[in-house]
Amino acid sequence: MPKFICQFRRLAVPALVAVAVVLLPTQIAVGQLRSGSTPSLSYFRGIEQLYEGDYLDAERTFRREARGGIHIGVTGRWIDAIAYHAMWGEVLYQQGRTAESLQHFNQACAQFLENPKWLLKVNFKQSPRPAPNLARRQIPWGRSGRQFTLGKLPSQMLINQGDLQSGNRAASRGGVIQSAQLWKVDVVEIVRVTALAIRRRNELLGPLAKFDALSREIINGLSRAAPPNHWSNAWVDLQLGIAYAGQGKLKLARKRLARAERLAGKFDHRLTCVALLELGRLEMESGNTDAAARHLAEASFSAFYYEDVGVIDEAFRLRAINRHINSQQGIDSFLEPAAAWARHERYHHVFARLSFAMTEELMAAGRWEEAAATFKTGQSRLRDARTGLLGNWSQYLEARLLYQQGNDSASAVLAQAVERQQATLPRNWQIHEANKLFDDRRLLTRSAVHVYQALLADPTPADWVIRPLQTLASMKAPQDDAYDRWIAALLDSNTPGTALEVTDLAKRRRYHSQLAFGGKLAALRSTLEAPEAALNPRLRSQRSDLLLRYPSYGELLRAGQQLRLKIKNDWHEGLDDRSERDLVKIWRDWSTTIAQREALLERISLERIATDLQFPPFLATKNLQSRLKPGQAVVIFHNTSDGLLGFLVTSKGSTQWNCGPTGQLVGLLNNFLRELGNYNANHRLTSEQLLSTEWIAAGKKLFEALFKGSSLDPEAISELVVVPDGIVWYVPFGALPVKVEDHSVPLISLAKIRAVPTMSLAYGQSIPWRRVQRSAIVGKEIVPGDTDEEQNEACGLLKEALTNPIDFLSPTPVATSLVGSFLDTLVVLDETDLDPTQPWAWSPLPQGRSSRRASLNYWVMLPEIGPQRIVLPGMHTIAERGGKTSKRKSSPTRPGEELFLASCGLLSSGAQTILLSRWRVGGQSTLDLMREFVQELPHTSAADAWQRSVELAQELPLEPAWELRVKSSKDAPPLTAAHPFFWGGYLLVDTGAPANEDGANEDSAGEEKSGESR
């Protein structure tokens, strides 16, 4: 309540009492006329404390008012409690205490439902009339374009509570005696706070509001809440309009809100600003930004006349967002005079918000020094708001300023802002509440499908513009449990195709949550740097807009392209010392442009930029099925709290089954891994173990556990694409025995097998192969031989199998991820531990493992170009220990996450084929396998090349002395690599890029066409 109204009340209350006594009908006069105002002056002081930024004082005030107030009988409360709980909830809301605030908004609405027809008891002795004094007030920040007449009503009206017959009824029937009383009540304030409680409940409940029983009861309670054909129905229209908006009934909402704009169709009133505010919000969310701008401006004007500080605050918050949606240039002319007004009135909360809005606009205009000064001024006025929603936004803006300044603390400040926002985010609370309702069966299956769709769908481009911090905080929060329930609801509703799509969305979200800026940074990299042909029309338009908006990025990009082209032309074998020094300088200049672009991308990512998350892509189940040919099958596994789900998709149809709890499968997998020889990283197998077939029985049990209930016919499958999840990442599918007639054979002997981290990548990539200009072999740790000469000789045939091999730079002049971007094929023969506790910490290239910029984190950054073919036969995973995790380390990630993230990370940086080991074998057998594989790659698909390599390896004779994991014995019989220990541990991750019509992939891409293209 405005200050001037509080002062007015001190003078007007005594006079009002006298007038009311004179006007009392004889029948009512025998009752009591309560003295004082309802709500009290202390209550209105609490509202001022809130917008002065003294949240804690305001909370104490409303708590005290709620404990007092009017009591009906022993425990009953009256309509004044609506105000106390609504404003108490508003204070908690501004503090970011979502669950607590909702409780008070619920209590306010419940209190309304206790007295839904209280307006019928109001003694309307005076109709609205013009208020010429209000019209004399000059709005500091603008002029209204509406035609209106400011109206006024008494600040308090009389309401009859109880009746003369209450005592008689209580004596005869029992119950509470409610003698007739007249209360002086600020009727408009009770209507306002009821509308506020409904609006905040809509916001906090989000998609749950449509299925909320209390929300429906509110609409029913408002249906006949005012005298028929009376001007007060405009107040009911306001409340109903807001309630309908929460139910998604936007046409009804707009109609009611438009009617609420004026009393008696003529006069503006204290709640006109609320109606205009809600109309502006609806228009903005519908994309009608011009109409939204008009409504929000008029809401602020009307709120100024009637001194509704809360509406002024909210109108400016939404106005700032609307201007960003509309891409308006320049500084909002409203902000400076509005901020001066707020400072003069000591509304520190409002002043800080306006300062932050001005800070953002100064940033957009490139006036960073002014922005920093304005931000500092606003931040100094935060007071208690420092720890609330406004404080979170303040930290986000501070991070933006620090990134612009190149301050190393920027990332820490941003992380803290995101962490704090996660704790206050309504979306996170909504998901948690939906999970509880679903588990308790209070959220029905059909409703749950719609709720989870709204809560868990990927953010839209508009989300990054309207609510950047909230969207970032949402994307960084793990929500696997909620996806599990969404999938369960879809399976319960017999829509397995959609459930399969949701498993892909869950994996996408899992990957994005691990990326900087929730995947937004990666999306902007791709938009600005990917080849033009790889972008759809919308992304090409986004790229054009971004380059117009940030011309400096285009300049850096062009400079980088020129330097990259020079490196490509000048890097070759046999450079003399001077040429090598000159080339190192170019390398470093190019690295500098990369770092400058990356820094600029970070700053851009924090701005209100419309962004489409691109990798991994999304593919509908029906589209996947349409791409499959006879004999091709995709099996998707997805681990949930209800068990490991399996989905099989072929060109003819699909099936879905449940493999049971993962815990039951772990023992079968571990037993199979141990039967294959995996006890520890250095365990050496004897000839007896290599000739044994005991692994077949263990493998059959695992195969049965994984595929029981599916329609998989191994003999009818020519290519099997596996989408693993959880422990399935450690399953050596190629080695699983399947029965053919009267004997068992490894699955790879029947079908080509490859894996992808998400279903959409199975047949979703069509990027042609680049012409191989450089290949490299790096490292020797798994190569047999005691001397460099012996190891070089052992690698000779493998090197000959590569196209255009080149000696890798050592030491590297720049980060290894940058050097690797000039390779088309990379084979790493050093060992690498893939630590589940630090899935991003490993480096594909060994020379950089001790370097600060060598981890996988840097491979997903610019230049977003990596080797298309990567071979890593020296990788160690927990499969090497029979699935046992380290007793000294507990992993914060789920099993298999390190392989999932490694696959996604390398594929996102341009790889299309990755062959890595789940356990390290080494020795001559490994070199032979790798040689056959890379030798076949130019002529066929990766899955076909791998199948052929395994078939050949099974027949190759073994020389134990040249094997790192085989125990030599004088009496050992001749051995081959037929045992799956030698080839079963390799994981082929491949996107199935199509071969050329002539069967060769090698020259399909031709020269690189644009940018630093793939």
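The model is predicted, with local features needing pLDDT of at least 70 and side-chain atom pairs counting only at pLDDT 80 or more, while totals for chains, interfaces and linings use all residues. Residues are numbered from 1 along each chain as its sequence is written, and side-chain values use heavy atoms, with hydrogens and water left out.

We can start with Q912, which is found in the loop between helix 39 (897-908) and strand 22 (913-917); helices (H or I, at least four residues) and strands (E, at least two) are DSSP runs numbered from the N terminus. Q912 counts as buried because its relative accessibility is 3%, where buried means under 20% relative accessible area, exposed over 50%, and partly exposed in between (1.4 Å probe, protein chains only).

Y244, by contrast, lies in a helix, namely helix 11 (residues 233-246), and is buried with a relative accessible area of 12%. Although Y244 and S215 are 29 residues apart in sequence, their C-alpha atoms are 9.1 Å apart in space.

Finally, we turn to D582, which has its place in helix 30 (residues 577-605). Because its relative accessibility is 44%, D582 counts as partly exposed.
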